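The sequence and the model come first.

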Amino acid sequence: MTASRPFLTHERVRWADVDLVSIMRFSAFTRLVEVAEQELLRAVGLPYSTLFDNPRIWMPRRRLEIDYFAPARLDDELALVTYVSRMGDTSLTLQVDVRHATRNTLIAAATMVVVCVTVEGFAKRPLPRIARESLAPFVMTVEEARAGAPEMR
């Protein structure tokens, strides 16, 4: 099932994120990926506070890749456009397009793969049904997400 649009949340470039010339450091983008993931999960009814209360599974990161296209500056408001580009049996690929909120410029694009594992032994296991069902409306290709609603172009 393809959603009409990806999940959208906003965040600002913080003082702690920038270098001496007020441009967001490359390493600070990982914070944005975490914010996007956390807000998406909260929006679908799977907040971190519930997921980590009594864990039976973990979802460690297997891979994080970020492409940078334009600078983000101190106090810029950023739109975090988040969607799932692949949902496998034991893993999912989360995409986060970081855009300038008013100019809609693509600043960076992150791809993060998380794998579902058991708490004991770190053995791969299938993604829980609740995660599949909750995230299904946000499964789409990169092309679909970027060509979607006019504010995402």
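Five strands make up an open sheet, ordered 1-4-5-6-3, with antiparallel pairing. Strands (E, at least two residues) and helices (H or I, at least four) are DSSP runs, numbered from the N terminus. Two strands count as paired if DSSP finds at least two bridges between them. The edges are strand 1 (7-12) and strand 3 (61-68), each of which pairs on one side only. From one strand to the next, the twist averages 20°. Strands of a sheet pair through backbone hydrogen bonds, either parallel or antiparallel.

This is a predicted model, in which local features need pLDDT of at least 70 and side-chain atom pairs count only at pLDDT 80 or more, while totals for chains, interfaces and linings use all residues. Residues are numbered from 1 along each chain as its sequence is written, and side-chain values use heavy atoms, with hydrogens and water left out.

Strand 3 pairs with strand 6 (residues 106-115) in the antiparallel sense over seven bridges. Leu 64 has Met 112 in strand 6 as its bridge partner.

Helix 1 (residues 29-43) lies across strand 1, strand 3, strand 4 (77-87), strand 5 (91-100) and strand 6. Helix 1 runs at about 135° to strand 1. Contact here means heavy atoms within 4.5 Å. Axes are lines fitted to C-alpha atoms, for helices over the stretch in contact, and angles run from 0 to 180 degrees between N-to-C directions.

The whole structure holds three aromatic pairs. Rings of Phe, Tyr and Trp (its six-membered ring) pair if their centres lie within 6.5 Å; planes under 30 degrees apart count as stacked, over 60 as edge-to-face and the rest as tilted. Two of the pairs are tabulated.

| Pair | Centre to centre | Between planes | Class |
|---|---|---|---|
| Phe 7 and Phe 138 | 6.2 Å | 85° | edge-to-face |
| Phe 29 and Tyr 68 | 5.2 Å | 75° | edge-to-face |

Phe 7 is in strand 1 and Phe 138 in the loop between helix 3 (129-135) and helix 4 (142-147), so their pair ties together parts 131 residues apart in sequence. Both Phe 7 and Phe 138 are buried. Buried means under 20% relative accessible area, exposed over 50%, and partly exposed in between (1.4 Å probe, protein chains only). Phe 29 belongs to helix 1 and Tyr 68 to strand 3, so this pair ties together parts 39 residues apart in sequence. Phe 29 is buried at 4% relative accessible area, whereas Tyr 68 is partly exposed at 40%.

Ser 22, in the loop between strand 1 and helix 1, has a positive phi of about 65° although it is not a glycine.
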